[in-house]
Amino acid sequence: MQIINFKCRLTNQRGRLCMSAEKRLLFEFPVPQSNVVVPPDASESSQLFRDHILSKSNVMNGMESHSLTPLTAGSLILHTL
């Protein structure tokens, strides 16, 4: 039997830690040791619209909301392109 520890960190677009998790699993068969780090997907790094909105956050913070639902700091906006 072998015990494997998984560690995961989820960061947002500003590099801030959003969530972390640790999980310990027990396997009945041998598992080779590894220290795998998954690099970010190249398509995710090209987020021009997101970067533009984030760069204007201070200006937009002072503007009134014209949406049907009031927006406040920390609100989550879900949309599809």
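In which strand does threonine 11 lie? Threonine 11 belongs to strand 1, which covers residues 2–11, in a predicted model of a protein chain that contains three helices and two strands. Followed along the sequence, these elements occur in the order β-β-α-α-α.

**Confidence and overall surface**

- The protein chain has a mean pLDDT of 76, with 80% of its residues at 70 or more.

**The hairpin of strands 1 and 2**

- Strand 1 and strand 2 run antiparallel and are joined by ten bridges.
- Together the two strands form a hairpin with five residues between them, and in the turn glycine 15 has a positive phi of about 80°.
- Across the pairing, threonine 11 stands opposite leucine 17 in strand 2, while leucine 10 stands opposite methionine 19 in strand 2.
- As a general point, side chains in a regular strand alternate between the two faces of the sheet.

**Residues at the turn end of the hairpin**

- Threonine 11 counts as partly exposed because its relative accessibility is 40%, which lies between the limits of 20% for buried and 50% for exposed.
- Setting aside residues up to four places away in sequence, threonine 11 touches Arg16, Leu17 and Cys18, and so the residue that stands opposite threonine 11, leucine 17, is also named among these contacts.
- Arginine 16 is found in the loop between strand 1 and strand 2, and it counts as exposed because its relative accessibility is 53%, with over 50% being required.
- When neighbours within four places in sequence are left aside, arginine 16 is in contact with Leu10 and Thr11.

**Arginine 9 in strand 1**

- Arginine 9 lies in strand 1 and is exposed, with a relative accessible area of 63%.
- Apart from neighbours within four places in sequence, arginine 9 is in contact with Leu17, Met19 and Ser20.
- For one of these residues, methionine 19, which is ten residues away from arginine 9 along the chain, the C-alpha atoms of the pair are separated by 6.0 Å.

**The nonpolar surface patch**

- Phe49, Ile53, Val59, Met60 and Met63 form a nonpolar patch on the surface, and their accessible area together is about 510 Å².
- At least two residues of this nonpolar patch are supplied by helix 2 (48–55), and at least two by helix 3 (57–61).
- Phenylalanine 49, one of the residues in the patch, lies in helix 2 and counts as exposed because its relative accessibility of 58% is over 50%.

Definitions and conventions. Residues are numbered from 1 along each chain as its sequence is written. Side-chain values use heavy atoms; hydrogens and water are left out. Patches are made of residues with over 30% relative accessible area and no salt bridge: like charges are joined within 9 Å, nonpolar side chains (Val, Leu, Ile, Met, Phe, Trp, Tyr) within 5 Å. Accessible areas come from the Shrake-Rupley method with a 1.4 Å probe; for residues, only the protein chains shown count as cover. A salt bridge is a side-chain nitrogen of Lys or Arg within 4 Å of a carboxyl oxygen of Asp or Glu. Helices (H or I, at least four residues) and strands (E, at least two) are DSSP runs, numbered from the N terminus. Buried means under 20% relative accessible area, exposed over 50%, partly exposed in between (1.4 Å probe, protein chains only). Contact means heavy atoms within 4.5 Å. pLDDT is the predictor's confidence in each residue, from 0 to 100. Two strands pair if DSSP finds at least two bridges between them.
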